[in-house]
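Let's take a friendly tour of a protein model, with an eye on charged pairs and the surface. Have a look at it first, and then read on.

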Amino acid sequence: MSQSPIVSVIMPVFNGQEYVAAAIESVLAQTYPDFELLITDDGSTDASLKLLRSYASQDPRIHLNTQKNRGLTPTLNALWQRARGTFIAVLEQDDVAMPDRLARQVSFLEQHPQVVGVSGAQILIDHQGRLLTCLSLPLDNSEIQAAALAGHSSLCHPGVMLRRTALAAIGGYDETLGLAHDLDLWLRLGEIGELANLAQPVVKYRLHNRSLSELYCQQQRQEGRLVCERAWQRRGIEGHFEATALWRPGPDRASQHHFMLKYGWWAFNSQQRQTAIIYGLKAIQKLPWTIAGWKLLLAALLKPLPRT
């Protein structure tokens, strides 16, 4: 390994005891060897720090820092500024990197010098790690930027790899933002270079009810509109914000029912019969007199699974 690694993986952690071990192990198991893993515990009040210290004591590639709680975007900035790598790979505490993620992204960035950031497809899993679906994202820079300008986060943040020089050029994350910091980052990076996604999955993205995106989905959309308006002004264009629908369950039963159905049909179409049954039952529990949940449950129990 070189003295300064090619890749710095950065991972902010706050009360992540339930999932962070899987995230760390997915980095340590990468096929690409030349990396460091920088972790900052942002004032956790659970057992996260004890767990992180155990991992750091066993592997010299892990560099652990602790601090009083500062919030996500200041922690992300402090992490990448400490990094020694040419490329900065983000992984969040509740997600799982695919084994060849770093190798694929390093190869891509080395072959495409005009690209300042690359992410990829994401496998969506639930809180227990059950497969729901694989979500593809636009591959071409023009499509990625058009989607971002309309409010869609067209790169997966916990699956992104960025050029450190590009992050420095735009000043890193906007610390005034707490929820749409990733969309803002894509919009500003897209003004100094190209963005890309790999067709292959780079991360397993976990959907669970304690994530920021689920707890504050409505606020995230509002902040997303603000960063788009700023980008339209910077670029001198007239934009249209499209991303008004919530992409995670809200607090009401109707919203939760809708997403239980979505997750269940995703699982069914991914040939995950048992998971589809579970989400059919969850949908029925939310709105028992609505027929859609019963249709999902019966299909999951009786219907032949679709071929992939």
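What follows covers the ground rules, the salt bridges, a nonpolar patch and one distance.

This is a predicted model, in which local features need pLDDT of at least 70 and side-chain atom pairs count only at pLDDT 80 or more, while totals for chains, interfaces and linings use all residues. Residues are numbered from 1 along each chain as its sequence is written, and side-chain values use heavy atoms, with hydrogens and water left out.

**Salt bridges**

Side chains of opposite charge can pair when their charged atoms come close. Here, a salt bridge means a side-chain nitrogen of Lys or Arg within 4 Å of a carboxyl oxygen of Asp or Glu. How many salt bridges does this rule give? The count comes to eight.

| Pair | N to O distance |
|---|---|
| Arg104 and Asp100 | 2.7 Å |
| Asp126 and Arg130 | 2.6 Å |
| Arg230 and Asp174 | 3.3 Å |

The pair of Arg230 and Asp174 links distant parts of the chain, 56 residues apart. Arg230 sits in helix H9 (residues 217-235), whereas Asp174 lies in the loop between helix H6 (164-170) and helix H7 (181-189). Helices (H or I, at least four residues) are DSSP runs, numbered from the N terminus.

Asp126 is buried, because its relative accessible area is 1%.

**A nonpolar patch**

Which residues make a nonpolar surface patch of about 320 Å²? They are Leu298, Leu301 and Leu302. Patches are made of residues with over 30% relative accessible area and no salt bridge; like charges are joined within 9 Å, and nonpolar side chains (Val, Leu, Ile, Met, Phe, Trp, Tyr) within 5 Å. Accessible areas come from the Shrake-Rupley method with a 1.4 Å probe, and for residues only the protein chains shown count as cover. Leu301 belongs to helix H12 (residues 291-302) and is partly exposed, because its relative accessibility is 47%.

**Across the model**

Glu143 is in helix H5 (residues 141-149) and is partly exposed at 48%. The C-alpha atoms of Glu143 and Ala299 are separated by 36 Å, and the two residues are 156 residues apart along the chain.

Notes: Helices (H or I, at least four residues) and strands (E, at least two) are DSSP runs, numbered from the N terminus. Buried means under 20% relative accessible area, exposed over 50%, partly exposed in between (1.4 Å probe, protein chains only).
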